[in-house]
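Here is a brisk report on the ligand sites of one protein model. Look at the model first, then read on.

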Amino acid sequence: MANRNVPIPRRQLYIGGEWREPVKKNRIPIINPATEEIIGDIPAATAEDVDIAVEAARKAIARDDWGSTTGAQRAKYLRAIAAKVLEKKSVLATLESLDSGKTLFESAADMDDVAGCFEYYADLAEALDSRRKTPVNLNSDSFKTYVLREPLGVVGLITPWNYPLLMAIWKVAPALAAGCAAILKPSELASITCLELGEICREIGLPSGALSILTGLGPEAGGPLASHPHVDKISFTGSGPTGSKIMTAAAQLVKPVSLELGGKSPIVVFDDIDNLDIAAEWTLFGIFANTGQVCSATSRLIVQESIASAFLDRLLKWTKNIKISDPLDEDCKLGPVVSAGQYEKVLKFISNAKSEGATILYGGERPQHLKKGYYVQPTIITDVNTSMEIWKEEVFGPVLCVKTFKTEEEAIELANDTK
Ligand SMILES: NC(=O)c1ccc[n+]([C@@H]2O[C@H](COP(=O)([O-])OP(=O)(O)OC[C@H]3O[C@@H](n4cnc5c(N)ncnc54)[C@H](O)[C@@H]3O)[C@@H](O)[C@H]2O)c1
Ligand SMILES: NCCCC=O
Ligand code: NA
C-alpha cells in the first residue's frame, strides 16, 4: 500500500552543488492531477539563474575534479547515483505518481530504469578510457595521428513530463559519462523527482557544477538555456512545436541540437495472427500505458478487415475492465492525464473527431465515478478517415483510432501515413 503522505520536499534550484533560491524568488505550484490539489511548489528559474548555472558548469569543466576525470572516475559517481535511486525507490516512485499521475506500478518501474540507465552509462564511461586516444595509421613516419574523444563542454538538457525523471536521466547520464557539465531544465508540470536527483547528487558528492537543475517555465528558463552563448549543445525531448523553437534559437549560434519529438505510431494486426488476445493486450498496452502519454504510443490501430469485428470485440471487452483510479491505488491501471491543460486538449481532440464524423466506439468522457482529477476514459474511435485530425495529430492521451485494410500494401501505406 502506497504512503500517500510522503512529504513533498520544498527545494530550491540546484546550482554549483548547492540549493540556491532563484534570483527573482518566484515559485510555481505543484498540482496533483489525481486530486487537482496544490501539494507544494518548485522554484521558477529565469535567465539570471541560467547565467549563474552556466558559469558554475564552465568552472566545473575547467576544474580537475570534473574536467580532468577519467571515465572510470565518473563511472563511480554514476554508480553511486544509481544505488541511491534504488535506496530511495519507494519514495521517489510515490513522488513521481503524486506529481504526474502515473500509476505507482509504472513509477516504480521507471525508477528501476533510471538506476539501470546510470549503470549502463557507467559501463560506457569506463570503456571510454581505452578509446580516448585511438591511433590512426596514416602510413607515414613523419606524423603520429590520433582520434581524441573529448567532452563537448556545457550541455543544456530540456525534458518533458511524461516520464519526468527517466526522460531527464536519459540525457543526464550520458552527458556526465562523457565528462560534460550538464544543466537540466525539467518540465514545470512534473519536476519533483528531478529536484530529488539534485539531493542525490549532493549526497554522493558529485563535483560542484557537473550537474545543475533549473526548474521553471519553458520560455523563461528553457528559452535562455537554449539561446545561451556559452552552452555548447542542447538536447531536447518534447513536442514538435517547442522543438522547432529550440532549433531556431540554437541555429542563431550554430549550436548543435538533438531533438526527440512526438509521434503518431501505428500498430498493424494481420488476419494470420495466432492469438487475438495477445494482439489485443499489446494494442491496449501500446495506447493506454502511461495513460497514452508516450511518444511511441501506438495511437493508430490498423487491422485487417476480415478480423476487424472480432478484434474490436476483444478490445472492447478488455477496455471496459481497465481500472481507472487514483494512481496510488495498488491495482490502478489508468491514472489521470498530467494537467488541466492536457485534459482539455484530449477532450477537444475527441469532440473534434466526433464533429468530423468519426464514431466514439467506447469512452470519450470523464469516468462517472471520479468527480475530481484529470481523468479521461480509455477511448476507441472508429469510422476514421485519413484527412481527420484524430488520424494525423498526436493526442498524447488514452485515445486509439482505428482503420481497416484489405492488402499488405494498403496496411503499409496507412502505417507510413504520418509526419
Ligand atoms: N521522442 C521521445 O523520446 C519523447 C519522449 C517523451 C515525450 N516526447 C514528446 O513530448 C511531448 C510532451 O511533452 P511536453 O508537453 O512536456 O512537451 P513540451 O514541448 O511542451 O515541453 C517540453 C519541455 O520544453 C520546455 N519548453 C517549453 N517551451 C519552451 C521554449 N520556448 N524554450 C525552451 N524550452 C521550452 C518545457 O518547459 C519542457 O521542459 C509529446 O509531443 C511527446 O511525444 C517525446
Ligand atoms: N519508456 C519510455 C518511452 C519514452 C517516450 O515517451
Ligand atoms: Na504535477
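Which side chain has an N or O atom 2.9 Å from an oxygen atom of ligand 2? The side chain of N162 does. This is a predicted model, in which local features need pLDDT of at least 70, side-chain atom pairs count only at pLDDT 80 or more, and totals for chains, interfaces and linings use all residues. Residues are numbered from 1 along each chain as its sequence is written, chains are lettered from A and ligands numbered from 1 in the order in which they are written, and side-chain values use heavy atoms, with hydrogens and water left out.

**Ligand 2**

C295 also contacts ligand 2: a backbone N or O atom lies 2.9 Å from an oxygen atom of the ligand. A polar contact here is a pair of N or O atoms within 3.5 Å. The protein covers 80% of the 240 Å² of accessible area that ligand 2 has on its own. Such areas come from the Shrake-Rupley method with a 1.4 Å probe. The surrounding residues are N162, Y163, M167, W170, V294 and C295; each has a heavy atom within 4 Å of the ligand.

**Ligand 1**

Ligand 1 has 27 residues around it. The closest are T159, K185, E188, S239 and E394.

| Residue | Protein atom | Ligand 1 atom | Distance |
|---|---|---|---|
| W161 | polar side-chain atom | oxygen | 2.8 Å |
| L261 | backbone N or O atom | nitrogen | 2.8 Å |
| E394 | polar side-chain atom | oxygen | 2.6 Å |

Alone, ligand 1 exposes 840 Å², and the protein buries 88% of that. Two or more shell residues come from each of α8 (218-226), β10 (233-237) and α9 (240-251). Helix α8 gives the most, with four residues. Helices (H or I, at least four residues) and strands (E, at least two) are DSSP runs, numbered from the N terminus.

**Sodium ion**

The sodium ion (ligand 3) is coordinated at 2.4 to 2.6 Å. Its donors are I31 (O), D99 (O), D99 (OD) and L189 (O). Donors are N, O and S atoms within 2.8 Å of the metal (3.2 Å for Na, K and Ca); water is not among the atoms, so sites may look incomplete. Along the chain the donors follow the spacing I-x67-D-x89-L. I31 in strand β3 (residues 27-32) and D99 in helix α4 (residues 89-100) are 68 residues apart, so the pair links distant parts of the chain.

Are these two residues buried or exposed? D99 counts as buried because its relative accessibility is 2%. I31, at 33%, counts as partly exposed. Buried means under 20% relative accessible area, exposed over 50%, and partly exposed in between (1.4 Å probe, protein chains only).

Conventions:
A polar contact is a pair of N or O atoms within 3.5 Å; within protein, one must be able to donate a hydrogen and the other to accept it, and residues adjacent in sequence count only if both atoms are side-chain atoms.
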